[in-house]
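Here are a few notes to read alongside the coordinates.

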Amino acid sequence: MTDSTAAATQAGLRKVRTRHFQGAKNSGITITGLTSYDMLTAAIFDKAGIDFLLVGDSAGNNVLGFDTTLPVTVDELIPLTRAVAGAVSRAFVIADMPFGSYESSPEQALHTAFRFMKETGAHAVKLEGGVRSAEQIRRIVEAGIPVMAHIGFTPQSEHGLGGHMIQGRGAGADALLADAIAVQDAGAFAVVLEMVPSAAAKRVTETISIPTIGVGAGPHVDGQLLVWTDWAGLTTGRIPKFVKQYANLNGVLTDAAKAYIADVGSGSYPATEHEYEE
């Protein structure tokens, strides 16, 4: 099978499964992912052909109004995940396990994973940490639940890491690789590499057999993931260096709101065509 044929086959999948992540890595097909927190964006991204949707704890910053992801709870993410999972037909939906919902023990992690799978319709869960989370990953996978791991910069540990710091530089590259091997050996079907140097990500991608998904990890990975509000230009203020904005929704919505205010103020809305007859 040629690369172009493989890519076409992947794009034409009726439903993305964990095996398709591995097949994409083996065939050199780049995996695409975005976050989503609601049915409307989920349906749009699904129709466009995005491979997986992460209902991230980044909802804390983008939906719930928190400064960090740390306050987000399982009970807050469950309805968001349910909305996304119910809106897709092709995309693979992954539920993010929030801070405090898995760290205490493998049994706590399994209980949280059970809740997401039973109450939302998600296809997998994601949790942060490499070596330190290996036993949690192993326990969840043993129960038949797919796990995407997350190493490098882990937002739930931002205070312990000293802020939004690049990970995997210098001697940290060895620790990054050790984390990647640990989650692979624990049974994760893929691993997110966030905010790490391209060379370190390339080393990990070439060493482990499971797919690597980059979030600010350069081009030498098996897939890419972005927070949709950053990607679509809805977010304002400081945008991470690794984000490419593909639209300016903030500007579009601002202009629309101003036009609406002007029309209502002038009386041009509602017009005759917006009225009901007797």
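1. For the helix check, the expected span is 1.5 Å times one less than the number of residues. This is a predicted model, and its helix α12 (residues 249-266) has 18 residues. From first C-alpha to last, α12 reaches 26 Å, close to the 26 Å expected. After α12 comes G267, with a positive phi near 85 degrees.

2. On confidence, the chain averages a pLDDT of 93, and 94% of the residues score at least 70. Residues 1-8 are another matter: pLDDT there is below 50, and the stretch has 6 contacts beyond near neighbours in sequence. Where pLDDT is low, the predicted coordinates should not be read in detail.

3. The salt bridge count comes to 9. One of them joins the side chains of R115 and E119 at 2.9 Å, N to O. Both sit in helix α6 (residues 106-120), 4 residues apart, or about one turn. R115 is partly exposed at 24% relative accessible area, and E119 is partly exposed at 32%.

4. Helix α7 (residues 134-142) holds E135 and R138, 3 residues apart. Their side chains meet in a salt bridge at 2.5 Å, N to O. An α-helix has 3.6 residues a turn, so residues three or four places apart point the same way.

5. What does the D174 and R203 pair tie together? These side chains form a salt bridge (2.9 Å, N to O). D174 lies in helix α9 (residues 172-186) and R203 in helix α10 (residues 198-207), so the pair links parts 29 residues apart in sequence. D174 is partly exposed at 47%, as is R203 at 35%.

6. Finally, salt bridges with shared partners join D75, R115 and E119 into one network.

Conventions
Residues are numbered from 1 along each chain as its sequence is written. This is a predicted model: local features need pLDDT of at least 70, side-chain atom pairs count only at pLDDT 80 or more; totals for chains, interfaces and linings use all residues. Side-chain values use heavy atoms; hydrogens and water are left out. Helices (H or I, at least four residues) and strands (E, at least two) are DSSP runs, numbered from the N terminus. pLDDT is the predictor's confidence in each residue, from 0 to 100. Contact means heavy atoms within 4.5 Å. A salt bridge is a side-chain nitrogen of Lys or Arg within 4 Å of a carboxyl oxygen of Asp or Glu. Buried means under 20% relative accessible area, exposed over 50%, partly exposed in between (1.4 Å probe, protein chains only).
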